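Good morning, everyone, and thank you for making time for this. I would like to take you slowly through one model, so please have the sequence and the structure open beside you.

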Amino acid sequence: MNPRTARKPRPAPPAAAERPDRITAAFERCRAEHRAALVTYVMGGDPDLATARAMALACVEGGADLVELGVPFSDPIADGPTIQAAAQRALGAGTTLEDVLGIAAAVRARSQVPIALMGYLNPMLAGGVEALVRGCADAGVDALIIPDLLPEEAEVLAPAAAEAGVKLVYLLAPTSNPARVEAAARAATGFLYFVSVTGVTGARHAVAEEIAPLVAAVRARTELPVVIGFGVSTPEQARALGPLADGVVVGSAIVKRIAEGRSRRARAERVKRFVRSLGRALRR
Amino acid sequence: MKTAALPDERGRFGAFGGRFVPETLVPALDELEQAWREARADPAFQAELDELLRRYAGRETPVSEAPRMSADVGGCRVLLKREDLCHTGSHKLNNTLGQILLARRMGKKRIIAETGAGQHGVATATAAALFGLPCEVYQGAVDVERQALNVFRMQLLGARVIPVTAGSATLKDAMNEALRDWVTNVRDTHYIIGSVAGPHPYPAMVRTFQSVIGREARRQVLELAGRLPDAVVACVGGGSNAMGIFSAFVDDAHVDLVAAEAAGLGLSTAKHGASLAKGTPGVLHGSRSYVLQDGHGQIQEAHSISAGLDYPGVGPELAYLKDQGRLTLLPQTDAEALDAFQYLARMEGIIPALESAHAISAARKVARDAGPGGLVLVNVSGRGDKDVEQVRKMLEAAPPPRRTRARAARPATKAKARPRAAARKGGRR
């Protein structure tokens, strides 16, 4: 464990049942406003911890309804060049899972926005399952999104996550057949993540007409909120896709803006403006 | 322990194996598993594969005596399974012919592969040419440079070689990129994984296609020597040639299965590829196995003189066999492999691949220990033509001592390590 997190004693988290379910509350609020939730992604530690923390907070200030924090991995097989490069920058800065949990804790200290960690199984489990779920609960992380963890392999993590009150989000793809949709819907907690393109993150744009029936088929099989991600990069796309789902995830487009920025303040302004524009698009 | 019963229906070998992939790929893996299951029950498929292996690949490959090596190591009889004589110069074609038949059965229109040394890339390009399918091969940029001959062979065979510059620009990064391609083009593309690694059903399927090596070798050894060998020695990167030959002997408890991983510059350094000897359990490229990783679960860059062993993971079945105590691990350094490369050339007139030279080096030790009356079978998984230029440069840079048991880095191996270090950016170890 990171000595920084170890040194700082935190009050014992409330038991799972009594912890506020920030995820459900956020989706309910958006539904009441007749709009899809805006889910933003930044890579933890990209290009350094302080900047990544500022970017996550900029997303919150820009009106994100749920923030995803990426946990960097050396071999991200589901990611396109933009997020691969972000992971390389974060690892180059020495970022660990504990560091990303630290960013989450900083966001939690300022906001009740739901937080999900997104990353690959190997670095997530390197310190052990108990350390992971305890770290999440302590930092105020609400959910884990692990692209290389399928429902049928999840017994390594699911019981401990449930015990700690940490949701486990599964991904569905355009290639998923009805049986897999049902299995994921049964196993998932919090929400389901529909990968809108057959491909890696940031690779190409989702086309609303193509994915509408696929998302509808998923929503018909679950009570859980369904978010659309992987192929959304502009306010126009967010506006087109929003009505199809309970939420829209924007990742690579934000990461790109962080990579192109100069000063931390300029980057934060740019990210905040962009997130606001996405939020406006979803409200219409 | 009957390992033939493994993996279980979820692709598990004990605690190892399984499927740790993006959801997008699952239907393709299910489709592949079903096609393979149906093909195995289909006599026509088996007949077509057998025919290809016989008339096209040149099977069966012989088991050769190694009389001068036997005398040199003190009288232990050494037998060589000659996969170097298989068409394309290595055992890799056994698997690519099997998988290309499955690809055709599934109606896939495009073939992709990853390659390290280029042996699997060449074997894939060959099978794709034979069946008229377009083929793209991902290869780390570092390997593209050090295996230029195989790059040109793949191009001659009509394949497109895509250099991968990400990460360490070697085999693991080539596999990442191939997986990303597959995630993107999964509907019409078949990914021919070359090792007993990756998500289920690949480890079991590739082992089964490669088990022809062990079936032949077991019979050939019995014919030649009238008994089973005391030890079977194979090099291990991902482990396809090793599982191919071990699978026929794994239930013979008295046959020692010796895995020669890449010890690189030494197991006490960070520059090696010995995932079984020095790795810890983790998830890489779709399955749980032993991997080289740091305390935070970041995959470390492997190092080996041979591109085919330069991989920080290993097939899950080998991880399982290790935990069962069934394997003898005998990692060999770059220097030892380089020495064995020349040794087999001079002693037996066979230039082995640098990968296979690790097995030769380990076999020298095993045979020396076994002594007269011993019987050791070595899998010569490939021929060394592809490595001749690299070895020539290394030997010119530093003529080797007459007889090496060197552990530390010699100038020859350092000269080769330098461009790799330069190609590395921002990675931590």
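Let me begin with a definition, since we will need it in a moment: a residue is called buried if 20 or more other C-beta atoms lie within 10 Å of its own, and exposed if 12 or fewer do. Please also keep in mind that what you see is a predicted model.

With that in hand, let us ask about Thr88(B): is it buried or exposed? Thr88(B) has 24 C-beta neighbours inside 10 Å, and therefore it counts as buried. This residue sits in the loop between strand E4 (77-82) and H4 of chain B, and its phi is near 80°, which is a positive value in a residue other than glycine. In chain A we can look at His34(A), which also is not a glycine and has a positive phi of about 55°. His34(A) is placed in the loop between helix H2 (22-32) and E1 of chain A, and because it has 8 C-beta neighbours inside 10 Å, it counts as exposed.

While we are looking at the backbone, there are cis peptide bonds to point out. One joins Asp46(A) and Pro47(A), with omega at about -10°, and Pro47(A) is found in the loop between strand E1 (37-43) and helix H3 (49-61) of chain A. Another joins His200(B) and Pro201(B), with omega at about 15°, and Pro201(B) lies in the loop between strand E8 (189-191) and helix H9 (202-225) of chain B.

Now let us turn to the domains of chain B. The domain assignment gives domain 1 (11-55 + 91-203) and domain 2 (63-89 + 211-422), and their C-alpha centres lie 23 Å apart. In the contact between them, 41 residues of domain 1 of chain B meet 43 residues of domain 2 of chain B. On the domain 1 side, the elements that each supply at least two residues include helix H4 (92-105), H5 and helix H6 (141-146) of chain B, and the residues of that side divide into 19 nonpolar, 17 polar and 5 charged.

As a general remark, nonpolar side chains in soluble globular proteins tend to be buried together.

Next comes the place where the chains meet, in which 31 residues of chain B are in contact with 35 residues of chain A. The largest share of the chain B side, 6 residues, comes from H8(B), and the residues of that side divide into 12 nonpolar, 13 polar and 6 charged.

Finally, consider a pair of helices in chain B, namely H13 (residues 334-348) and H14 (residues 354-370), whose axes come within 8 Å and cross at roughly 90°. Since angles of 65 to 115 degrees count as roughly perpendicular, H13(B) and H14(B) are therefore roughly perpendicular to each other. Among the residues that make the contact are Phe341(B) and Leu344(B) of H13(B), together with Ile360(B) and Arg364(B) of H14(B), and the residues of this contact divide into 8 nonpolar, 2 polar and 3 charged.

How values were computed
Residues numbered from 1 in each chain as written. Chains lettered and ligands numbered in written order. Predicted model: local features only at pLDDT ≥ 70, side-chain atom pairs only at ≥ 80, totals over all residues. Contact = placed C-beta atoms within 7 Å. Helix = DSSP H or I, 4+ residues; strand = E, 2+ residues; numbered from the N terminus. Nonpolar A, V, L, I, M, F, W, Y, C, P; charged D, E, K, R; others polar. Axes fitted to C-alpha atoms, helices over the stretch in contact; angles between N-to-C directions. Parallel < 35°, antiparallel > 145°, perpendicular 65-115°, else oblique. Domains from an automatic or database assignment.
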